[in-house]
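Take a look at the fold below. Then follow its contacts, its strands and its core in turn.

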Amino acid sequence: MNCSCGGTMKDTKEIYPAKWGEYQVDIKGVKAYRCDACGKLLYEPEEINLLLNLTVLLSGLSKEKRPKVIDFEKFRSSQLID
Ligand SMILES: [Zn+2]
């Protein structure tokens with residue numbers, strides 16, 4: 001996979017700052033690609049869909065129970081998302 005600048009996009013794991021209403025959560029371990037030439041970052045669209053579903057789900061919890069940070073790798077295959 002190549003970047004529009006001609007550099008190579010490399011697999012990486014990033015923190016995605018998700019938001020739903022007033023709920024904000026940092027999601028760690030999200031699959032992404034980073035250009036080794038210009039530094040451009042692209043998240044994997046399927047990952048974003050999953051983590052947005054998760055964010056909406058968690059936003060329904062009471063305020064004290066909502067996590068501020070999530071390790072997405074633990075949630076990726078979890079039934080919580082379905
Ligand atoms: Zn680039």
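In the protein, 58% of the contacts between residues at least 6 apart in sequence join residues at least 24 apart. Two residues are in contact here if their C-beta atoms, placed from the backbone, lie within 7 Å. This is a predicted model: local features need pLDDT of at least 70, side-chain atom pairs count only at pLDDT 80 or more, and totals for chains, interfaces and linings use all residues. Residues are numbered from 1 along each chain as its sequence is written.

The protein has two helices and four strands. From the N terminus on, their order is β-β-β-α-β-α. Helices (H or I, at least four residues) and strands (E, at least two) are DSSP runs, numbered from the N terminus. The C-alpha atoms fill a box of roughly 45 × 25 × 15 Å, taken along the principal axes.

Strand β1 covers residues 9–20 and strand β2 residues 23–35; they pair in the antiparallel sense over eleven bridges. Strands pair if DSSP finds at least two bridges between them. Two residues lie between the strands, and Gly-21 takes a positive phi near 60°.

Move on to strand β3, residues 41–43, which holds Leu-42. Is Leu-42 partly exposed or buried? Leu-42 counts as partly exposed because it has 15 C-beta neighbours inside 10 Å. The cut-offs are these: buried means 20 or more other C-beta atoms within 10 Å of a residue's own, exposed means 12 or fewer, and partly exposed is in between, with C-beta atoms placed from the backbone. Leaving out residues up to four places away in sequence, Leu-42 touches Met-9, Ala-32 and Tyr-33. Ala-18 sits 24 residues from Leu-42 along the chain, and their C-alpha atoms are separated by 15 Å.

Now the interior. Of the 82 residues of the protein, 12% count as buried. The largest nonpolar core has nine residues: Tyr-16, Ala-18, Ile-27, Val-30, Leu-50, Leu-51, Leu-54, Ile-70 and Phe-72. At least two residues come from each of β1, β2 and α1 (45–59). Helix α1 gives the most, with three residues. A nonpolar core is a set of buried Ala, Val, Leu, Ile, Met, Phe, Trp, Tyr and Cys residues joined through C-beta atoms within 7 Å. In soluble globular proteins, nonpolar side chains tend to be buried together.

Finish at Ile-70, one of the core residues. Beyond residues up to four places away in sequence, Ile-70 touches Val-25, Ile-27, Lys-28 and Phe-75.
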